Amino acid sequence: MEKRKDGFLIEKGTHEKDFIFGTRAVMEALHAHKDIDKILVNKELNNDLIKELLSVAKQERVPVVRVPDAKLNRITRKNHQGVVAHMSAIQYASLDNVIEECYSKGVDPLILVLDRITDVRNFGAIARTADCAGVHAIVIPEKGAAQINSDAVKTSAGALNFLPVCRVRNLYYTVKDLKKMGLNIVSCTEKTERDMYEADFKAPTAIIMGSEEDGISDELMELSNEFVRIPMGGNIDSLNVSVACGVLIYEVIRQRKEA
């Protein structure tokens, strides 16, 4: 928690430019097709206007989370009317368009799929490396992903202003679609004996990375064509996920440059 100038406690990393509040203001943002990460709604509210907001949010594919009023008060002490929307600091891209553009240019797509990675700073660091390495897009789910706010953009050193980020409703069906589009699905996991150097990354590739706590979900593992691990030679047997992403991405780059 952090203390504001007025003495109230707010959630760490919350900045006023990252959210809007009030039922009408959020409704207007939805109707204007603004990029919203998620909407928090007081779980006690169920009036007609709230029902309309929930309906429009569903149409716009914006996640809604029901929370206690105290949660909203930690974000802002102003008259939020039980509704706060976390705004995205970027404009999301279409994954289909990204893949189509790669193929039209004769380039083998390199896509990074992030499963259950919720830490904002890790996400920003991953985006920075991905942009430097020439990854064509990062794919994240609507729910269970890091909020892309000003902290994420700052940690990415501005890379999120350039790197396409594709937010999808369901990672499982998205990965299935990537397979249909000709991408090789590679999961990075410690649950394999196959080192990353043994994989062939020269073909169109989607790399799945999971969180340090939960790893990659079983359903995404089942869709994978290959499993690879980053070899470890020290006393610590795991890497920070942003570092692991960098190591694996640059192995892809190495292979492609030598091809």
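Q: In this predicted model, between which two elements does the loop that holds Ala157 lie?
A: Ala157 is not glycine, yet its phi is positive, near 60°. The residue sits in a loop, and the elements on either side of that loop are α6 (150-155) and β9 (165-168).

Q: What is the phi of His33, and in which loop is His33 found?
A: His33 is found in the loop between α1 (23-31) and β4 (36-42). Its relative accessibility is 57%, and the cut-off for exposed is over 50%, so His33 counts as exposed. His33 is a residue other than glycine with a positive phi, near 60°.

Q: Which residues of helix α7 are buried, and how wide an arc do they cover around the axis?
A: Helix α7 runs over residues 171-180, and its buried residues are Leu171, Thr174, Val175 and Leu178. They lie on the same side of α7, because the arc they cover around the axis is only 100°. An α-helix has 3.6 residues a turn, so positions three or four places apart point the same way. The buried residues asked for are Leu171, Thr174, Val175 and Leu178, and their arc is 100°.

Q: Which residues are exposed on the other side of α7?
A: The buried residues of α7 include Leu171 and Leu178. On the other side of the helix, the exposed residues are Tyr173 and Lys180.

Q: Why is the pair of Phe19 and Phe21 tilted?
A: The structure holds two aromatic pairs. In the pair of Phe19 and Phe21, the ring centres are 6.3 Å apart. Planes under 30 degrees apart would count as stacked and over 60 as edge-to-face. The pair is tilted because the planes of Phe19 and Phe21 stand at 40°.

Q: Is Phe19 buried or exposed, and what is its relative accessible area?
A: The cut-off for buried is under 20% relative accessible area. Phe21, with 27%, is partly exposed. Phe19 is buried, and its relative accessible area is 7%.

Q: What is the angle between the planes in the pair of Tyr172 and Tyr173?
A: Tyr172 counts as partly exposed at 23% relative accessibility, whereas Tyr173 is exposed at 52%. Phe19 and Phe21 form a tilted pair, with planes at 40°. Tyr172 and Tyr173 form an edge-to-face pair, 5.3 Å centre to centre, and the angle between the planes is 80°.

Q: Which residues are in contact with Val241, leaving aside its neighbours within four places in sequence?
A: Val241 is found in helix α9 (residues 241-258) and counts as buried at 5% relative accessibility. Val252 is 11 residues away in sequence and 17 Å away in space, C-alpha to C-alpha. With neighbours within four places left aside, the contacts of Val241 are Ile117, Asn122, Ile126, Met209, Gly210 and Glu212.

Q: Which residues are in contact with Ser217, leaving aside its neighbours within four places in sequence?
A: Ser217 is found in the loop between β11 (205-210) and α8 (218-223). Its relative accessibility is 13%, so Ser217 counts as buried. Beyond four places in sequence, the contacts of Ser217 are Asp115 and Arg116.

Note on methods
Residues numbered from 1 in each chain as written. Predicted model: local features only at pLDDT ≥ 70, side-chain atom pairs only at ≥ 80, totals over all residues. Heavy atoms only, no water. Buried < 20%, exposed > 50% of the residue type's maximum accessible area, 1.4 Å probe, protein only. Helix = DSSP H or I, 4+ residues; strand = E, 2+ residues; numbered from the N terminus. Arc of directions from axis to C-beta. Phe/Tyr/Trp six-rings, centres within 6.5 Å; stacked < 30°, edge-to-face > 60°. Contact = heavy atoms within 4.5 Å.
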